[in-house]
Amino acid sequence: MSEIPDIPGIIEIAGIKGKVVAITGAGGGIGEAIALLLAERGAKVVLGARRPDRLEDLALRIEKNGGEAAWVRTDVTRREDLAGLVGLARERFGRLDVLVSNAGVGLISPLDELRVDDWERMIDVNLKGVLYGIAEALPVFREQGSGHFVNIVSTAGLRIVPLMSVYAGTKNAVRTVSEGLRQEAGDSLRVTVVSPGFVSTDFADGIPDPGARTQILDTMDRIAIPPQAVARAVAFAVEQPAGVDVGDIVVRPTAQD
Ligand SMILES: NC(=O)c1ccc[n+]([C@@H]2O[C@H](COP(=O)([O-])OP(=O)(O)OC[C@H]3O[C@@H](n4cnc5c(N)ncnc54)[C@H](OP(=O)(O)O)[C@@H]3O)[C@@H](O)[C@H]2O)c1
């Protein structure tokens, strides 16, 4: 793989080295795995999530391994926080090449329980959080003449199952927006959606409905794949030459229904 010289403005050459990649939800799970893998391959990573201690710890680990990282507390439900994340990328590294919108919550439950606050939370984080990222990064990508959106969605949107309808709805809304964005983007921007299946992370810990949580944790125990599997898929999309847009990747356990 050819290397990118350390010159702002250059992303014509394929590869990851030198690219500036901002990642939301980078403090753990899939986001952390993406940050570690891309940094190991030479990306300058800009980490966002709500818990600063986790981001600081991850940035230190990356720097200890010879990588480059910056971080800022980012709650994706606040548009100004996305502005801060994108701004930090430009301030520290001079540009933004890739925005990985990974932050997400799966507050799943039967619709009959009417957990309307949880529905709203999923819309705020999973859908509006991605839209705020687009709102902040798109003008920057237009100005640069290049840029790449990577949106982490879910196989929950590909095979609709009970308990997950609102969660799947938010993920499929992102899938739809991503395709519209791809069509509007023209020949200079890239848009990738990655749909993970069951991945071994803290994702299920936040499920408030005890029955749903037990069901997801049991399935995770049986079949979940490591978050590094999703990180490799993101790396594959990022490392392609500028004219190659990897649109849609599904990464799930072989054993998943
Ligand atoms: N694990 C799976 O089986 C699975 C399957 C399909 C899709 N996914 C998707 O993969 C993505 C990552 O999930 P994961 O499995 O890695 O879950 P995770 O271990 O719970 O990590 C989620 C990350 O998102 C951050 N986050 C949550 N709310 C946020 C907010 N409002 N603003 C900014 N960051 C926020 C969390 O950090 P803070 O709490 O510090 O903010 C955490 O770093 C999600 O979009 C999820 O829907 C996961």
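pLDDT is the predictor's confidence in each residue, on a scale from 0 to 100. The structure is a predicted model, in which local features need pLDDT of at least 70 and side-chain atom pairs count only at pLDDT 80 or more, while totals for chains, interfaces and linings use all residues. Residues are numbered from 1 along each chain as its sequence is written, and side-chain values use heavy atoms, with hydrogens and water left out.

The chain has an average pLDDT of 95. A score of at least 70 is reached by 95% of the residues. Over residues 1–5, pLDDT stays under 50. The model has 15 contacts (heavy atoms within 4.5 Å) beyond four places in sequence for residues 1–5. Residues 7–12 also stay under 50. For them the model has eleven contacts beyond four places in sequence.

An open sheet is formed by seven strands. Strands (E, at least two residues) and helices (H or I, at least four) are DSSP runs, numbered from the N terminus. The strand order is S3-S2-S1-S4-S5-S6-S7, with parallel pairing. Two strands pair if DSSP finds at least two bridges between them. Strand S3 (68–73) and strand S7 (248–251) are the edges, each pairing on one side only. On average, neighbouring strands are turned by 15° against each other, direction ignored. Axes here are lines fitted to C-alpha atoms, for helices over the stretch in contact; angles run from 0 to 180 degrees between N-to-C directions.

Strand S6 (residues 189–196) runs parallel to S7, joined by four bridges. Pro 196 stands opposite Val 251 in S7.

Helix H2 (residues 52–64) packs on the sheet. Helix H2 touches strand S2 (44–49) and S3, and its direction makes about 175° with that of S3. Helix H4 (residues 116–144) lies across strand S4 (98–101), strand S5 (147–152) and S6. Helix H4 runs at about 165° to S5.
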